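Look at the chain below, and keep it in view while reading.

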Amino acid sequence: MLFQFVLNIIEFIIKCVAWIVVAFLAIPFGVYYFLMSYFPEFTLAYDFSFWAVFSILSIIGFIILWKPIIWTVGIIQTLRAGA
């Protein structure tokens with residue numbers, strides 16, 4: 001019984017880490033990939049203007065995609081609960 005409790009805690013921690021990685025790293029990576037694809041010279045400069053644009057686009061991405069991320073997490077957790 002104690003072993004199952006420890007496994008449940010480990011599973012919860014792994015799920016939290018996975019969702020943090022998906023939610024908080026996927027959007028900035030996508031923004032960076034977009035900038036690298038369409039504006040490679042601008043992206044490779046890594047000056048203040050790049051970081052300003054990157055930050056603004058990342059914040060806009062989080063605002064726009066926050067609800068779909070929550071919906072996806074909820075759907076996967078619901079499907080997982082049935083297993």
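A residue is called buried when its relative accessible area is under 20%, exposed when it is over 50%, and partly exposed in between, using a 1.4 Å probe and protein chains only. T43 has a relative accessible area of 0%, so T43 is buried. The model is a predicted one: local features need pLDDT of at least 70, side-chain atom pairs count only at pLDDT 80 or more, and totals for chains, interfaces and linings use all residues. Residues are numbered from 1 along each chain as its sequence is written, and side-chain values use heavy atoms, with hydrogens and water left out.

T43 is part of helix α2, residues 40–45. Helices here are DSSP runs of H or I with at least four residues, strands are runs of E with at least two, and both are numbered from the N terminus. What does T43 touch, leaving aside its neighbours within four places in sequence? T43 is in contact (heavy atoms within 4.5 Å) with Y32, L35, M36 and F50.

Helix α1 covers residues 2–38, and F34 lies in it. The 37 residues of α1 reach 54 Å from the first C-alpha to the last, close to the 54 Å expected at 1.5 Å a residue; the expected span is 1.5 Å times one less than the number of residues. At L25, α1 bends by about 35 degrees, and the proline P28 follows within four residues. The bend is the angle between axes fitted to the seven residues ending at a residue and the seven starting there. The buried residues of α1 are A23, I27, P28, V31 and L35. F34, in contrast, has a relative accessible area of 40%, so F34 is partly exposed.

The whole structure holds 11 aromatic pairs. Rings of Phe, Tyr and Trp (its six-membered ring) pair if their centres lie within 6.5 Å; planes under 30 degrees apart count as stacked, over 60 as edge-to-face and the rest as tilted. The ring centres of Y32 and F50 are 6.3 Å apart and the planes stand at 80 degrees, so this pair is edge-to-face. Because Y32 lies in helix α1 and F50 in helix α3 (residues 48–81), the pair ties together parts 18 residues apart in sequence. F50 is buried, at 0% relative accessible area. F50 also pairs with W51: the centres are 4.9 Å apart and the planes at 70 degrees, so that pair is edge-to-face. Ring pairs link Y32, F42, Y46, F50, W51 and F54 into a cluster.
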